[in-house]
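Please have the sequence and the model open while you read.

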Amino acid sequence: MEKQYRLRKNGQFRYVYKKGKGSGCREISLGYVKGSRLLAGFAVSKKIGNAVTRNKVKRRLREAFRLELPGLKKGMYVVTAREPSAQADYHRLAGALKYLLKKQGLYQEEKK
C-alpha cells in the first residue's frame, strides 16, 4: 500500500477510535470515520507475538487492504489485529477484512 494512504500520527488513530464506527470479527476489528481522503492505519499489539509475527500480520493486512482500495469510500480506516490473526493465513485475513468492510457498508455504490 502506498504511503500516501497511511495513517501515521497517534492523534489520527485516537480520533478514529473515539469518533468512529467500529465492528469486529475473530481475527481483526475495523474502525471508520468519514473524511475527505482515504487513509488507513494498522495496529498490531505485542499480544500478537514477536516482531517477526507482528510485521507479517501487518504486511498481510496492508496487502489485503490495498486490493480493496479502488472500491472503498473516502475516510479514515483503522484495522486492529486480534490474537487469532497470528495463526491466520493471508486468505483468512483478507476474507475477514472484506466481511467487515461489507458489514459496515464501506464499499462505494456501483454507478449504472
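1. Start with a term. A salt bridge is a side-chain nitrogen of Lys or Arg within 4 Å of a carboxyl oxygen of Asp or Glu. Keep in mind that this is a predicted model. With that term in hand, look at Arg 26, Glu 27 and Arg 92: salt bridges link these residues in a network.

2. How many salt bridges does the structure hold? There are four. One of them joins Glu 27 to Arg 26, with 3.9 Å between the closest N and O atoms. The two partners sit in contrasting surroundings. Glu 27 has a relative accessible area of 4%, so it is buried. Arg 26 reaches 54% relative accessibility, so it counts as exposed.

3. Next, a bridge within a helix. Glu 63 pairs with Arg 66, and their closest N and O atoms are 2.7 Å apart. Where do the two residues lie? Both are in helix α2, three residues apart, which is about one turn of the helix. Glu 63 is partly exposed, because its relative accessibility is 29%. Arg 66 is partly exposed too, with a relative accessible area of 36%.

4. Now a bridge between helices. Lys 98 and Glu 68 meet through their side chains in a salt bridge, at 3.9 Å from N to O. This pair links distant parts of the chain: Lys 98 belongs to helix α3 (residues 90-103), Glu 68 belongs to helix α2, and 30 residues separate them. Is Glu 68 buried or exposed? Its relative accessible area is 13%, so Glu 68 is buried. Lys 98, with a relative accessible area of 42%, is partly exposed.

5. Which residues form the positive surface patch? They are Lys 3, Arg 8, Lys 9 and Arg 37. Find Arg 37 in the loop between β2 (28-34) and β3 (39-43). Arg 37 counts as partly exposed, because its relative accessibility is 48%.

6. Is Leu 72 buried or exposed? At 2% relative accessibility, Leu 72 counts as buried. Its contacts beyond four places in sequence are Leu 38, Phe 65, Tyr 77, Leu 101, Leu 106, Tyr 107 and Gln 108. Take Leu 38 from that list. Leu 38 and Leu 72 are 34 residues apart along the chain, with 8.2 Å between their C-alpha atoms.

7. Cys 25 gives another loop to check. Cys 25 is placed in the loop between β1 (21-24) and β2. It counts as buried, since its relative accessibility is 16% and buried means under 20%. Setting aside residues up to four places away in sequence, Cys 25 touches Arg 82, Ala 96, Tyr 99 and Leu 100. How far apart in space are Cys 25 and Leu 100? The C-alpha to C-alpha distance is 7.5 Å, while the sequence separation is 75 residues.

8. Move on to strand β2, where Ser 29 lies. Ser 29 has a relative accessible area of 17%, so it is buried. Beyond four places in sequence, Ser 29 touches several residues, including Ser 23, Val 78, Thr 80 and Leu 100.

9. Gly 41 is in strand β3. This glycine is buried, with a relative accessible area of 1%. Which residues does Gly 41 contact, leaving aside its neighbours within four places in sequence? They are Leu 7, Phe 13, Tyr 77, Val 78 and Val 79. Compare Gly 41 with Arg 8 as well: the two are 33 residues apart along the chain, and their C-alpha atoms are separated by 7.0 Å.

10. Finish in strand β4, with Met 76. Met 76 counts as buried, because its relative accessibility is 12%. Not counting residues up to four places away in sequence, the contacts of Met 76 include Leu 7, Tyr 15, Gly 31, Tyr 32 and Leu 39. Val 44 gives another distance to check. Met 76 and Val 44 are 32 residues apart in sequence, and 17 Å apart in space from C-alpha to C-alpha.

Key
Residues are numbered from 1 along each chain as its sequence is written. This is a predicted model: local features need pLDDT of at least 70, side-chain atom pairs count only at pLDDT 80 or more; totals for chains, interfaces and linings use all residues. Side-chain values use heavy atoms; hydrogens and water are left out. Patches are made of residues with over 30% relative accessible area and no salt bridge: like charges are joined within 9 Å, nonpolar side chains (Val, Leu, Ile, Met, Phe, Trp, Tyr) within 5 Å. Accessible areas come from the Shrake-Rupley method with a 1.4 Å probe; for residues, only the protein chains shown count as cover. Lys and Arg count as positive and Asp and Glu as negative; His and the chain ends are not counted. The place of a charge is taken as NZ of Lys, CZ of Arg, CG of Asp or CD of Glu. Helices (H or I, at least four residues) and strands (E, at least two) are DSSP runs, numbered from the N terminus. Buried means under 20% relative accessible area, exposed over 50%, partly exposed in between (1.4 Å probe, protein chains only). Contact means heavy atoms within 4.5 Å.
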